[in-house]
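Open the model in your viewer and keep the sequence panel beside it. Select each stop as you read.

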Amino acid sequence: MPSAFTPHNTNPLAQYPQAWERASRVKLLVLDVDGVLTNGQVWMGADGKESLKAFDIQDGLGIKLLEQCGIPTAIITGRNSKMVLARCEELGIKHLHMGVENKAIALAQVIKTLDLSLSDCAVMGDDWPDLQMMKNAGFRICPAQAHEAVKESAHFVTIHHGGDRAVREACDLILKAQNHYDELLNKARN
């Protein structure tokens, strides 16, 4: 493991020995929304429709940093949400699939569009609907509060919960494993 890796930013890699190697090969980050980019709560208004979603700003920066290094992000979610659409537009995420019943099919479309394979993908999900798209991914990630069945299939479980820097933790790991992290941090400092 390179000396530039600081374990205080992610779980000890001794617990997830395959995570570093798998992160070094990632060419696409695929994310679920509720429970990954958010804390999983759905706020309903008096009209019975979803009214609020809260996104972590550090997760957004992590996504932008990956993009700067040529690693795009795709969003695949079972719900339709204007707030997710707005957040994707804000972050420049071009691959957005909402209202998806079979996330594995949506993932196959994304990787075909990008001329990638499943082994090139890091997929981060938190619950049963994510298992099919995670099943054959090269790097399977879940947040700390993910369902136990998802944790059992993950190559890496973040310290942080969804909606609270879990995505940033995964992004930082990928950036470090691909030797981009220190350069980006030095740019931010200067």
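The tour goes from helix packing to loops, then to cysteines and backbone angles.

This is a predicted model, with local features needing pLDDT of at least 70, side-chain atom pairs counted only at pLDDT 80 or more, and totals for chains, interfaces and linings using all residues. Residues are numbered from 1 along each chain as its sequence is written, and side-chain values use heavy atoms, leaving out hydrogens and water.

**Stop 1: α2 and α3**

Select residues 57-68, helix α2, and residues 82-91, helix α3. Helices (H or I, at least four residues) and strands (E, at least two) are DSSP runs, numbered from the N terminus. Two packed helices are described by the angle between their axes and the distance between the axes. Here the axes come within 10 Å and cross at roughly 45°. Axes are lines fitted to C-alpha atoms, for helices over the stretch in contact, and angles run from 0 to 180 degrees between N-to-C directions. α2 and α3 are therefore oblique to each other. On this scale, angles under 35 degrees are roughly parallel, over 145 roughly antiparallel, 65 to 115 roughly perpendicular, and the rest oblique.

The crossing of α2 and α3 is right-handed. A crossing gets that label if the near helix is turned clockwise from the far one by less than a right angle, and left-handed if anticlockwise.

Now show the side chains. From α2, Ile 57, Gly 60, Ile 63 and Lys 64 make the contact; from α3, Arg 87, Glu 90 and Leu 91 do. Contact means heavy atoms within 4.5 Å. By class, the contact of α2 with α3 has three nonpolar, one polar and three charged residues. Ala, Val, Leu, Ile, Met, Phe, Trp, Tyr, Cys and Pro count as nonpolar, Asp, Glu, Lys and Arg as charged, and the others, Gly among them, as polar.

**Stop 2: α2 and α7**

The crossing of α2 and α7 is left-handed.

On the α2 side, pick Gln 58, Asp 59, Leu 61, Gly 62, Ile 63, Leu 65 and Leu 66. They meet Ala 166, Val 167, Arg 168, Cys 171, Ile 174 and Leu 175 in α7. By class, the contact of α2 with α7 has nine nonpolar, two polar and two charged residues.

**Stop 3**

Go to Val 33, in the loop between β1 (28-31) and β2 (43-44). Is Val 33 buried or exposed? It counts as buried, at 1% relative accessibility. Buried means under 20% relative accessible area, exposed over 50%, and partly exposed in between (1.4 Å probe, protein chains only). Beyond four places in sequence, Val 33 touches Thr 38, Lys 53, Phe 55, Ile 75, Ile 76, Thr 77 and Val 84.

Next, select Gly 99, in the loop between β5 (95-97) and α4. Gly 99 counts as partly exposed, at 39% relative accessibility. Leaving aside neighbours within four places in sequence, its contacts are Thr 77, Gly 78, Arg 79 and Asn 80.

Then take Asp 120, in the loop between α4 (103-113) and β6 (121-124). Asp 120 is buried, with a relative accessible area of 13%. Residues up to four places away aside, Asp 120 touches Arg 25, Val 26, Lys 27 and Leu 28.

**Stop 4: cysteines**

Color the sulfurs. A disulfide is a covalent bond between the sulfur atoms of two cysteines. The rule used here asks for a pair of cysteine sulfur atoms within 2.5 Å. By this rule the count is zero disulfides. For Cys 88, the closest cysteine sulfur, in Cys 171, is 13 Å away, too far for a bond. Cys 88 counts as buried, at 4% relative accessibility. Cys 121 is in no disulfide either; its nearest cysteine sulfur, that of Cys 171, is 14 Å away. Cys 121 is buried, with a relative accessible area of 0%.

**Stop 5: positive phi**

Most residues other than glycine have a negative phi. Select Asp 115, where phi is positive, near 55°. Asp 115 sits in the loop between α4 and β6 and is exposed, with a relative accessible area of 71%.

Finish at Asn 179, with a positive phi of about 60°. Asn 179 is in the loop between α7 and α8 (181-189). At 61% relative accessibility, Asn 179 counts as exposed.
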